[in-house]
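Thanks for coming, everyone. Let me put the structure up on the screen, and then we can walk through it together.

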Amino acid sequence: MKFVSTRDNSIVRSFEEAICSGYAPNGGLFVPQKLPKIDSNTLNVWSTLAYPKLASSVLRLFIDPHEIPDKDLERICVQSFSEFENPDHAVPLVRVGDFHVAELFEGPTFCFKDLGMQVVVNLISYFCAKRKTTMTLVVSTTGDTGPAAVRAVSQSTNLSILVHFPQGQISDFQRRQMTTVNSPRVRAVAFEGSGDDMDLPIKRMLAGSDSMTGINSYNIGRPLVQMVHFIWSYLRVVDREKIGTRISFVMPTGAMGNIAGGYMAKKMGLPIDKLVAATNINDISHLVIQTGKFHRAPEMHKTLSEAINIQVPYNFERLLYYLTDENDSLVSDWMTTMDEKARLTLNSEWLELLQRDFDSVRVTDEQLCETLRHVLEKYGYLSDPNTAVAFHAALALEQGNSEIIVMATASPCKFEEAVTYASSTEQWQKYVDKGFPDRAKAILELEEVEPTIYRAQDSLEASQADWEKLARSLVDQLRSR
Ligand SMILES: *Cc1c(COP(=O)(O)O)cnc(C)c1O
């Protein structure tokens, strides 16, 4: 399988080239040249596989054996889930009231990002070993991507990582996950800005570089691997003889990398009814699904669900690509408009098509808190603040006959402040005594290494130019070790 750009189908790359370059050359995103089809026979066979084997079977459809032979691909997948609570059953499904809940947070950093990140980092490391080179990963995080990436990289021998987070806008636990890894191959930076302010400098750094890549979900590896947990969850909830029944998924949505994986799985034939984006008041994804307006908000609002704070969800470009039946020139026109004007408006025909596959709910902090308490009191289930946003959306939907899987994307252990605020100090203490994972306690005891700080300049443009320079010199330092 080859990979092409969403903005120009004639740009064709191998899987190795696509995953090791992050963005496509003209600013577009890589997508598979042709989505393979999966039918109910395939799903039936897949329904008995352990998680790592399902992952290698799904990836096999996208990666040619001459790029990675079966044996190596299987080994990479086994290794990638080896640190999960239960590797063969990496994503447990539990029942909470009327909903199925897919617990995507049983990996080493307690968040769904581990599911995609471990595999992607191991794949990049595999290609580096083959080429006898090293690479530096440059990452920006609103909370969970950074820890998952740092963790995955710290276990490789040929990768280093420069990770950026907005100062004061991630939880203490998340910061500690990045600042307590004392390795010459890991560098953490706090920038005086908000969520996606580092995206542009990083995009400029990665353009044309073959010693750096990005592994945020614009990297095609992420949505590819993230398809696996949709397929897995579907097969846990639907009995074998009922394969074909349509199910809806509700997920807290930020950059739309998770929902893009779900949409690709749906386009391949996984019987998904609706994909529901639950957003906070940084609601561009909600607005575009409800009104067709893909308009960058002038500012980022602080919320209790910081992992889904976003101004421009970059994976919407992949949704548009599949919505238009892979019309690269239309996507290119649209995204050029978006890049230039920060506003794109879909007409009513496109909006109608979008609404066939997607729905959305916007959730305020107040609703988040109410729902977190409600789910805790009624079902004894403590969710993290981002998952509470999805619960609120699931409760608000009029779903008809289709069953719902709520995606629980993080463990509450990462969000002491928000969980305490939404419930109470006593509830948090109860959780620390009874539910808090032992593996997580260790992180609270390690010593922190001070992150580097990037200071804000007079304007965002000036900051971004300055930060790009600083980041380039830090990458040089990491590479000279
Ligand atoms: C990243 C993240 C999300 C959002 O996923 P996207 O792919 O960015 O839409 C939701 N919840 C948590 C806890 C996350 O870390």
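Predicted model: local features only at pLDDT ≥ 70, side-chain atom pairs only at ≥ 80, totals over all residues.

**A central strand, a ligand and the spaces around them**

Let's start with strand β5 (residues 99–103), which runs parallel to β15 and is joined to it by four bridges. Pairing here asks for at least two DSSP bridges between the two strands. Residues are numbered from 1 along each chain as its sequence is written, and side-chain values use heavy atoms, with hydrogens and water left out.

Back to the strands. His-100 has Ile-405 as its bridge partner in β15. Strand β10 (residues 247–252) also pairs with β15, again parallel and over four bridges, and there Ile-247 stands opposite Glu-403. Why is β15 (residues 403–408) largely enclosed by the rest of the structure? Because five of its six residues are buried, and buried means under 20% relative accessible area with a 1.4 Å probe, protein chains only.

Now for the ligand. It is surrounded by 16 residues, and the closest are Lys-113, Asp-144, Gly-254, Ala-255 and Thr-409; to count, a residue needs a heavy atom within 4 Å. Lys-113 places a polar side-chain atom 2.7 Å from a ligand oxygen atom. Gly-254 brings a backbone N or O atom to 2.8 Å from an oxygen atom of the ligand, and a backbone N or O atom of Asn-258 also lies 2.8 Å from a ligand oxygen atom.

On a 1 Å grid over the protein atoms alone, a cavity is a set of points where a 1.4 Å probe fits but cannot get out, a pocket is an open set with protein on both sides within 12 Å along at least five of seven lines, and lining residues have an atom within 4 Å of a point. Points are joined across faces, edges and corners, and a volume is the space filled by probe spheres set on them.

How many cavities of 30 Å³ or more does the search find? Two, over the whole structure. The largest holds about 410 Å³, and of its 32 lining residues, the closest to the centre are Lys-113, Thr-142, Gly-254, Ala-255 and Ala-307.

The largest has about 630 Å³, and 22 residues line it, with Asp-199, Leu-200, Arg-296, Val-312 and Asp-339 closest to its centre. Two or more lining residues come from each of α8 (199–206), α13 (328–341) and α20 (460–479), and α13 provides the largest share, five residues. The second largest pocket has a volume of about 420 Å³; of its 20 lining residues, Ile-170, Ser-171, Asp-172, Glu-417 and Ala-418 are closest to the centre. Here the largest share, four residues, comes from α17.

That's my tour, and I'm happy to go back to any part of it.

Technical notes: Buried < 20%, exposed > 50% of the residue type's maximum accessible area, 1.4 Å probe, protein only. Polar contact = N/O pair within 3.5 Å; in protein donor to acceptor, adjacent residues only side chain to side chain.
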